Amino acid sequence: MSRPVRTAVIGVGHFGRYHAEKFARLPGSELTAVIDINGERAQAVADAHGARAYTDFRDVLGEVDAVSIVTPPMTHYAIAEACLEAGLHVLVEKPITDNLDHASALIRVARERGRILQVGHLERFSAAGSVIRDIVTRPLYVEASRIGTFRPSANNDVNAVLDLMIHDLDLILDFVSSPIEWVHAVGAPVFSSAEDIASSRIQFANGCVANVTASRASLRSERRMRVFQDNSYTSIDFLNKKVRIVRRVPGATMNGIPALEIEETSYGDVDMLEQEIAAFLNSVRTGKPPLVTGEDGWRALEAALMITRSLRSHWQMIGEQTFHPRGAVVGRAAGE
Ligand code: NAD
């Protein structure tokens with residue numbers, strides 16, 4: 001495709017407006033349309049970038065080549081399916097959908113139509129993502145935490161596992177590269193009706209274990225991961241963009257204790273979203289498979305739903321209803 005890719009962003013709330021900014025700025029993309037069921041919002045973002053505003057995504061199906069879907073997770077499937085069926089390339093935000101059957105259906109339609117389906121697991125485009133890929137060869141034990149403040153959003157329909165933890169699940173599944181054997185998880189709703197805090201232990205078939213925590217019920221923000229392997233560990237502070245690698249020096253001891261060397265580096269600011277969208281545009285132009293495929297999105301969703309089921313199994317079942325131990329009736333897990 002030699003002419004610019006005609007692009008559109010569907011859903012321009014908190015995060016979608018950044019997608020629109022990138023599509024408007026990146027070479028090889030012509031931001032043609034901005035769609036939001038909130039017409040004023042769509043108009044404001046469209047005006048900022050010289051695009052046309054719509055309130056129904058079906059009105060642009062014949063006018064663009066590729067879309068970003070940045071709407072609430074419950075809506076991803078219906079929108080993505082219609083766009084792929086219409087022959088558009090799709091970048092859909094995480095989680096790919098809220099249930100596995102729908103995720104499989106999107107993968108199938110993309111394959112049948114020969115279209116790119118990329119999922120918005122942003123952290124893969126961070127410098128930390130490539131540090132992990134370079135350094136981690138045989139992970140044995142992983143600790144990850146992703147903690148933030150509560151922000152009222154459409155994402156509160158899904159729990160902190162599908163909202164936040166899924167970023168770490170995608171990274172971990174990518175570098176552990178082994179099926180999950182079992183998960184055990186706990187969590188609780190705090191400010192919304194879904195679990196705002198969750199902690200899980202994941203056992204992989206190759207013996208690796210991961211302890212992963214996510215919370216959107218905190219006053220502070222933290223995003224850290226530590227990966228332990230034979231003779232070294234790597235600690236990543238995603239927020240402050242710092243990496244520390246602690247290695248055993250082969251054969252060296254100090255007073256009979258194995259000598260360690262510590263390497264600390266900072267990595268510069270990488271605009272992850274810009275990288276992600278540039279990679280998507282490149283896949284659209286060249287047909288090259290995306291770095292984060294529909295199948296990757298499916299695997300991360302599968303893990304997130306296993307964790308959700310595990311943490312809900314600790315709640316009391318009374319008749320047909322599930323009760324939180326505090327007594328409040330809570331909804332069913334997304335996708336169950
Ligand atoms: P938000 O509630 O701020 O915005 C969602 C927007 O979608 C709203 O403006 C809403 O009016 C619009 N919308 C809803 N249904 C629509 C429809 N059928 N057609 C068109 N517009 C529609 O939510 P948000 O925080 O921007 O999150 C949106 C998506 O982005 C979610 O899937 C979320 O998981 C994802 N997200 C990803 C990251 C990341 O780091 N990758 C960060 C934030 C959000």
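The shell around the ligand divides by class into nine nonpolar, nine polar and five charged residues. Here Ala, Val, Leu, Ile, Met, Phe, Trp, Tyr, Cys and Pro count as nonpolar, Asp, Glu, Lys and Arg as charged, and the others, Gly among them, as polar. This is a predicted model, where local features need pLDDT of at least 70, side-chain atom pairs count only at pLDDT 80 or more, and totals for chains, interfaces and linings use all residues. Residues are numbered from 1 along each chain as its sequence is written, and side-chain values use heavy atoms, with hydrogens and water left out.

In total, 23 residues surround the ligand, each with a heavy atom within 4 Å of it. The closest are His14, Phe15, Asp36, Arg41 and Lys94.

Now the polar contacts (pairs of N or O atoms within 3.5 Å). A polar backbone atom of Lys94 sits 2.7 Å from a ligand oxygen. For His14, a polar backbone atom is 2.9 Å from an oxygen of the ligand. Ile37 places a backbone N or O atom 3.4 Å from a ligand nitrogen. The protein buries 86% of the 860 Å² that the ligand exposes when taken alone (Shrake-Rupley method, 1.4 Å probe).

Next, the sheet. Six strands form an open sheet in the order β3-β2-β1-β4-β5-β6, with parallel pairing. Strands are DSSP runs of E, at least two residues, numbered from the N terminus; two of them pair if DSSP finds at least two bridges between them. β3 (52-54) and β6 (117-120) are the edge strands, each pairing on one side only. Inside the order, β1 (residues 5-10) runs parallel to β4 (residues 66-69), joined by four bridges. Ile10 has Ile69 in β4 as its bridge partner.

Definitions and conventions:
Polar contact = N/O pair within 3.5 Å; in protein donor to acceptor, adjacent residues only side chain to side chain.
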